Amino acid sequence: MERMERQRRNPPSRSITPSDSAGSSSSASRRSYSNRNRNSDYKYSKHNTNSNRSYEDDSDWRSRRSSDSKSYVQKLEPKEDGVGYGGISHSDLPPVLVGTCPSMCPEAERAQRERLRDLAIFERLHGNPGKTSPDLAVKKFCRTMSSKNVQAFDVRPLPVLENALEYVLSFLDSKEQPFEVIHDFIFDRTRSIRQDLSIQNIVNDKAIYMYEEMEVYCKVKFHIISHQKLLNGDGSPNASSMHHLNMQQLSKALITLLNLYEVNRSNGAIFKNEAEFHSFFVLLHLGSNSQATGESLTLWFRTLRSPVIKSKEMRFARRTLRYFRMCNYKGFLCTIGAEASNLQYCILEPYVNEVRALALSFINNGGYKLNPYPLMDLSTLLMMEESEVESFCKSCGLVTCVDELGNLSLPTKQTTFSCPSGAFQRYSFLRFK
């Protein structure tokens, strides 16, 4: 009995067998994998417009919410292709390496692409697809590149990157080549510039300026053109994919840019374009595909600093968002007509006709059958040319009529109303004088 009592009080130590060790390792691996997945879901659920997962689904959302705005933004910053920015301040981000490539394209890559005849039309010397020069060739984006396997002579330093950006963006308004050719060239080469910035952890004011130029203004312009080509029905099979890709990259670029603002903030002041770019991010979450992010967007507002929230750009964006989700078509259209900047309107343009169709359905369902709605008044309400209102009504399945005075009117209570499943054609937008 004494021996049994001693064994009960002091059980023999159990050695870990190889199978136990493997099981423990497997369990730890599964826990690590689960944590990585949860963190990944959190990072993308808030900002990915195609995500159906809200911010509150994350098990740690309360602790994340309690963090200050700077760390909140840092956690959401996406790392593309294995490189990205991390940390809080400049001193926390020593460069992994400093590039030494003196030209826009490394010599080895230039020679290889000449040999493979892999040169964009803008890089060809005298039109020869197998010949280029240091003044024409620009480094291509490489998905597998990371700071661990790259050499300094393959990475361009900041001055070279600035020259490369200026050169690439000079083709933005070119009329000599089709839109698809220009798009593919600029889209790829600006991603390569961004990659070199990330590998070297360049996060200064010049990096902010470069991100603003190549990742927002450039992609907004591509967004406009690709959307217009879809509306005009040019038949290009690539227009839809380019439009989707630009919207996706624009959202990613904005997240990175917002992080750069935080990393470079040295006092309470805001950067010149910071409020406008915050408003872009809000407007990109306007559509039906991003309704699931509505709650997390509300939490995101709470992390913004007072000067940004109180700026006219953010006041406009929040008011537009509220009107859109409340189906207040008059407030939505009037606010855009009175306050939207050109770039803000470019992002909002796909939603304008959607809201106009909503207004038309309200008028059709709520009007008096014996009192047709004058198209002149409808033109004012929808903020479009009167000559286009009849076409817009027909695209929604409604017919118009002519009253006894010869004025065009819209009979209400029509049962044929239907919002087009595809894109509307492009209509004018009358702004307030």
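Modeller: Let us begin with Glu-274, which touches Tyr-261, Arg-265 and Val-308, not counting residues up to four places away in sequence. Please bear in mind that this is a predicted model. Glu-274 lies in helix H10, residues 274-284.

Colleague: Why is Glu-274 called buried?

Modeller: The relative accessibility of Glu-274 is 1%. Buried means under 20%, so Glu-274 counts as buried.

Colleague: What makes the pairing of the Glu-274 and Arg-265 side chains a polar contact?

Modeller: The two side chains come to 2.6 Å, and the limit for a pair of N or O atoms is 3.5 Å. The side chain of Glu-274 also reaches the backbone nitrogen of Phe-271, at 3.0 Å.

Colleague: Why does Val-168 count as buried?

Modeller: Val-168 has 0% relative accessibility, and therefore counts as buried under the 20% cut-off. This residue lies in helix H6, residues 158-169. Leaving aside neighbours within four places in sequence, Val-168 is in contact with Val-138, Ile-186, Arg-189 and Thr-190.

Colleague: How far apart are Val-168 and Met-214 in sequence and in space?

Modeller: They are 46 residues apart in sequence and 9.2 Å apart in space, C-alpha to C-alpha.

Colleague: Which residues of helix H5 are buried, and why are they said to line one face?

Modeller: In H5, residues 107-116, the buried residues are Glu-109, Arg-110 and Arg-113. Seen down the axis of H5, they fall within an arc of 100°, so they line one face of the helix. An α-helix has 3.6 residues a turn, so residues three or four places apart point the same way. On the other side of H5, Glu-107, Ala-108 and Arg-115 are exposed. Helix H7 (179-199) is included in what covers the buried residues of H5. After H5 comes Arg-117, with a positive phi near 55°.

Colleague: What makes the buried residues of helix H17 line one face?

Modeller: The buried residues of H17 (residues 386-395) are Val-389, Phe-392 and Cys-393. Down the axis of H17, these buried residues fall within an arc of 100°, and therefore they line one face.

Colleague: Against which elements do the buried residues of H17 pack?

Modeller: They pack against H15, helix H16 (375-382) and strand S3 (408-410). Just after H17, Gly-397 takes a positive phi of about 85°.

Colleague: How do helices H14 and H15 cross, and which handedness does the crossing have?

Modeller: The axes of H14 (residues 329-339) and H15 (residues 342-366) come within 9 Å and cross at roughly 150°. H14 passes H15 in a left-handed crossing. Among the residues making the contact are Phe-332 and Leu-333 of H14, with Leu-348 and Val-352 of H15. By class, this contact has twelve nonpolar, one polar and two charged residues.

Colleague: How many helices and strands does the protein have, and what share of its residues is buried?

Modeller: The secondary structure comes to 17 helices and three strands. Buried residues make up 48% of the 433 residues. Among contacts between residues at least 6 apart in sequence, 71% join residues at least 24 apart.

Terms used:
Residues are numbered from 1 along each chain as its sequence is written. This is a predicted model: local features need pLDDT of at least 70, side-chain atom pairs count only at pLDDT 80 or more; totals for chains, interfaces and linings use all residues. Side-chain values use heavy atoms; hydrogens and water are left out. Helices (H or I, at least four residues) and strands (E, at least two) are DSSP runs, numbered from the N terminus. Buried means under 20% relative accessible area, exposed over 50%, partly exposed in between (1.4 Å probe, protein chains only). A polar contact is a pair of N or O atoms within 3.5 Å; within protein, one must be able to donate a hydrogen and the other to accept it, and residues adjacent in sequence count only if both atoms are side-chain atoms. Contact means heavy atoms within 4.5 Å. Axes are lines fitted to C-alpha atoms, for helices over the stretch in contact, and angles run from 0 to 180 degrees between N-to-C directions. A crossing is left-handed if the near helix is turned anticlockwise from the far one by less than a right angle, and right-handed if clockwise. Ala, Val, Leu, Ile, Met, Phe, Trp, Tyr, Cys and Pro count as nonpolar, Asp, Glu, Lys and Arg as charged, and the others, Gly among them, as polar. The arc is that of the directions from the helix axis to the C-beta atoms.
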